[in-house]
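Me: I'd like to learn how to read a few features off a model. Could you walk me through them one by one?

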Amino acid sequence: MFSNGLKKIRNIGTFILIIVSLAACSDGTTEKNDLVSWQDFLYVPTMVQKIDDTYFIVDCWHHRVIYNDNLTDPVREWKTMTDESYIGGHTIASDGEIYVMDNTDNSQVVCYTKNEQGDFVKGETFGGIEGRPHYTLYDEEKKLFYVISSTGARIYVFDKYEKGLRLLFSQELKELEGGYCRSVSLIDGKLYTSAASGRIYEYSTNNDGKFTLEAGYDVADRYTGMNQITKIQDYYYITVNTDSTGNVDSADILRVKDLSELAQDHCMSVKKALGISSQPYFISSFDGHYYITYISAESANGIKRFDVSDNEIHQCEGFYDMDKPDQESLARYQTKYPVSVTGKEKSEVVDLVIFAGQSNMSGKSGQPQMAPGVSHGYEFRAVTDPENLYHIYEPFGINENVENGIDDTWTELQRESMRLRKCGGMVSAFANAYYDASGVPVVAVSASEGATKISEWTAGGRLNDLLQRIASAKTYLQKSQHFDMRNVFLVWCQGESDGDAGTTQDDYLASLNDLREKLVVSGVVDFMLVIQTGENTEKEGAYDGIQQAQKLFCDQHTDCEMISELAKTFLKEEKMRDSYHYTQNGYNILGKDAGVNAASYIRTHGVSERK
């Protein structure tokens, strides 16, 4: 987004709320807001949009999409639509029923729908979107959603079906290779890309959504880093982020009648007319007006509304115009990226915990907005980034998938992208409870896959992947000068698939012993801790044998322990979301119980330091 990014941020003070009069394009007067929470402000708002009767703001560097029924309430009164797995997204589009967003820094496309109470509910999440998906557009005529990847030279095409969103196909756009494409626009039936590699490209679209290149327009070097193209009356309006070298000083808003004139720099700047001092981003239109967001790492962020008549701009008004992001906003921005350990003066004692099993360990049915935040604990991403640690949040481990290994993705309707199954689970609650009881943060590793039997974990691809994830985490911590790895243990939550398949108690117990041999006896982990399988809402007693085998297993081995039996009560306590899976409240309670009991067990059986 920014060429200089956070390197330019220095001496950041407090936010200032700017109230702009409707009379002219003026910065107006400033008024200090006494509130200090990052949630009271916008930091790099990339899009404002209205869908039906609801307004949305994509608050990119605060990692959220917020919504409200008007544009006058303070930001703190807006509701948050997205969960903590939303990282640096840029846009939202909708057909009025399904709401689709690029989850840029998670390489995802996510969708939401509204329930009967009018609340937003997260639907499908598609992972593996190449090249930082950066703009989502709905084609009303063809009833299709388009998502452009900024660096992947590819556009993804989705449609709606009776169960939600599905990926139809993706198409490579070779002409975009080597450039950075921030958006696509539909203008007079043609699709236009922003100026990747120094050119704007124009495409026609077939009835099936396929794209055919029709024309290309060269642009001057100082417009190469453009954000978006839109057309208002007789002019194309182009928002520019940087020049070809990435210099944000070239940020501008241009208008031109013919795109071919951009190569000769024959265009007019309207940035001053709109009263914008920082980087203009995306333009949208609703309520009979035009809206433009503007952004900066270190200065002005906000929204302007303006009208155009007879090709002249007038009636400008500012919304949520804020100057100088404060340290809370900067800290919020940084929470979703690798944890900085360079400033640590001494090693931090941690316990390495591998969370393995099937869908209730994955959090198949949770609601991540209801999961607790984690202040003490880290996630090690053995698959996607084995060089760093991250803050823990739900859905935990959503992108940690390996083909022919531990791969928690749907294959139904899958064409060229992964439908991710993790929603929200117990790991956040476990991490909090474990730290509260032990004073030691966990380094958590995701290693779970839904609908798997235990025999699929004792050999083959999943076992090999599991061993590799553990080895990768141990290597990272052993090499780090900032952490002292104390205990290594696996938390196992699995059994429903075996109960459904009729696996006998003896066979399940034998498989648990086989897994213990490969993990504990071999020295890969120190302990194996078990969260007992719950009940099935439709088949009373279906998992009795599995539960008994788990209990016998833990009774037979001092290096194994049952750390929670609470799931057996969830059916009676109405904490089941469906036949197999738990509500988020259930996951929170289960994770807390398991975390407390795990800490108690490690306190008496573990080591206080590793030699």
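Me: Is Y281 buried or exposed?

Reply: Buried means under 20% relative accessible area, exposed means over 50%, and partly exposed lies in between, with a 1.4 Å probe and protein chains only. Y281 has a relative accessible area of 0%, so Y281 is buried. F282 is buried too, because its relative accessible area is 1%. One caution: this is a predicted model, where local features need pLDDT of at least 70 and side-chain atom pairs count only at pLDDT 80 or more, while totals for chains, interfaces and linings use all residues. Residues are numbered from 1 along each chain as its sequence is written, and side-chain values use heavy atoms, with hydrogens and water left out.

Me: Which residue has a side chain that reaches the backbone oxygen of Y281?

Reply: For polar contacts, look for a pair of N or O atoms within 3.5 Å; within protein, one must be able to donate a hydrogen and the other to accept it, and residues adjacent in sequence count only if both atoms are side-chain atoms. Here the side chain of T239 does it, at 2.6 Å. T239 sits in strand β20 (residues 235–242); helices (H or I, at least four residues) and strands (E, at least two) are DSSP runs, numbered from the N terminus. T239 counts as buried because its relative accessibility is 0%. Contact means heavy atoms within 4.5 Å, and leaving aside residues up to four places away in sequence, T239 touches M226, N227, Q228, D252, P280, Y281, I283 and I292.

Me: How many aromatic pairs does the structure hold?

Reply: Rings of Phe, Tyr and Trp (its six-membered ring) pair if their centres lie within 6.5 Å; planes under 30 degrees apart count as stacked, over 60 as edge-to-face and the rest as tilted. The structure holds 29 such pairs. Y43 and W61 form one that is edge-to-face, at 5.2 Å centre to centre with 90° between the planes. That pair links distant parts of the chain, 18 residues apart: Y43 is in the loop between β2 (29–31) and β3 (45–51), and W61 is in the loop between β4 (54–59) and β5 (64–68). Y43 counts as buried because its relative accessibility is 0%, and W61 does so at 6%. Y281 and F282 also make an edge-to-face pair, because their ring centres are 4.6 Å apart and their planes stand at 65°. Ring pairs also link F355, F396, F430, Y434 and F489 into a cluster.

Me: What is the strand order in the seven-stranded open sheet?

Reply: Strands of a sheet pair through backbone hydrogen bonds, either parallel or antiparallel. In practice, two strands pair if DSSP finds at least two bridges between them. The order here is β29-β28-β32-β27-β33-β34-β35, with mixed pairing. β29 and β35 (560–564) stand at the edges with a single partner strand each, so one side of each has no neighbour in the sheet. From one strand to the next, the twist averages 30°.

Me: What joins β25 to β26?

Reply: Seven bridges do, between strands β25 (residues 301–309) and β26 (residues 312–323), which run antiparallel. V308 stands opposite I313 in β26. The two strands form a hairpin with two residues between them, and D310 in the turn has a positive phi of about 50°.

Me: And α4: which of its residues are buried?

Reply: An α-helix has 3.6 residues a turn, so residues three or four places apart point the same way. In α4, the buried ones are R462, L463, D465, L466, R469, I470, S472, A473, K474, Y476 and L477. They pack against β27 (348–357), β28 (378–381), β29 (385–391), β32 (442–448), β33 (483–493) and α6 (505–521).

Methods:
Axes fitted to C-alpha atoms, helices over the stretch in contact; angles between N-to-C directions.
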